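Dear colleague,

Please find below the structure that I am handing over to you.

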Amino acid sequence: MTKSFLKFAGIALFALALTNCKDKAKEAETTAAEETAETTAVSTKYIAEADNSTIMWKGFKPTGTHTGTIAIESGVLTMNGDAVESGTFLIDMSSITVTDIPVEEESHAKLTGHLKSDDFFDVEKYPTSAFNVTAFEMKDGKGMLSGNLKMKDAENNITIPVNITENGDTLTLTSETFTIDRSKWNVKYGSKSFFDDLGDKFINDEFELQITLVANKQS
């Protein structure tokens, strides 16, 4: 193997790493859990449509990426004018699925099962995750939603940019794609935050999420 080839391979890997970094969304501001927001008498309540609400995810590793979805099981959101006042929704962790590998391939079931195992999200022990609203504000013309994300045995507050639209009695809350650090929720498998001897077999701590919540006004 020639020196020129080795040099080219090194440059190519470095370029790939830079591309992966540039492609990742901005990490959500993450802090300690905070007190949840309260509902007032003047707020309007919306009930989530589970069939039309979902979370898309994307995970990264040195050799590529994987994508998938997670279902939103249920949820309630209250609005005060154009602002989110309070709310909570439950995430069905047993619904984790993979979308970049055809269902008929053996590796699809293998990866899905691994994500549900105690290596990752330990779905048998922690079947649901939850997001509870703590605050909402407009910042630089953009809605910023804060809430406590409880996943596995950890809970942290995250702040994410969202867009809210209303069509009659239906409200749609769509987040921008954002990144969270799984190590902060004790998702340890293949993480350099917990293991020092992984070499190039690690899986990035940061993974992307994009939330779509469709909800109907309570009559």
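Is T67 exposed, partly exposed or buried? T67 counts as partly exposed, because its relative accessibility is 24% (buried means under 20% relative accessible area, exposed over 50%, and partly exposed in between, with a 1.4 Å probe and protein chains only).

Residues are numbered from 1 along each chain as its sequence is written, and side-chain values use heavy atoms, with hydrogens and water left out.

Confidence

The protein has a mean pLDDT of 89, and 88% of its residues reach 70 or more; pLDDT is the predictor's confidence in each residue, from 0 to 100. Over residues 1-22, however, pLDDT stays under 50, and the model has three contacts beyond four places in sequence for them (contact means heavy atoms within 4.5 Å). Where pLDDT is low, the predicted coordinates should not be read in detail.

Surroundings of T67

T67 belongs to strand β4, residues 64-80. Helices (H or I, at least four residues) and strands (E, at least two) are DSSP runs, numbered from the N terminus. Residues up to four places away in sequence aside, T67 touches W57, K58, T97, V98, T99 and D100. T99 is 32 residues from T67 along the chain, yet their C-alpha atoms are separated by 5.6 Å.

Salt bridges

How many salt bridges does a search of the whole structure find? The search finds four, a salt bridge being a side-chain nitrogen of Lys or Arg within 4 Å of a carboxyl oxygen of Asp or Glu. Three of them are described here.

- E27 pairs with K184, with 3.5 Å between the closest N and O atoms. This pair links distant parts of the chain, 157 residues apart: E27 is in the loop between α1 (3-23) and β1 (29-32), and K184 is in the loop between β10 (178-181) and β11 (206-217). E27 is partly exposed at a relative accessible area of 34%, and K184 is partly exposed at 34% relative accessibility.
- K217 pairs with D169, the closest N and O atoms being 3.8 Å apart. K217 is in strand β11 and D169 in the loop between β8 (154-167) and β9 (170-175), 48 residues apart. K217 is partly exposed, with a relative accessible area of 36%, and D169 is partly exposed at 48% relative accessibility.
- R182 pairs with D205 at 3.9 Å between the closest N and O atoms. Both R182 and D205 lie in the loop between β10 and β11, 23 residues apart, and both are buried.

E85, in strand β5 (residues 83-98), is buried yet has no salt bridge, and the nearest side chain of opposite charge, K45, is 10 Å away.

Yours sincerely

Technical notes
This is a predicted model: local features need pLDDT of at least 70, side-chain atom pairs count only at pLDDT 80 or more; totals for chains, interfaces and linings use all residues. Lys and Arg count as positive and Asp and Glu as negative; His and the chain ends are not counted.
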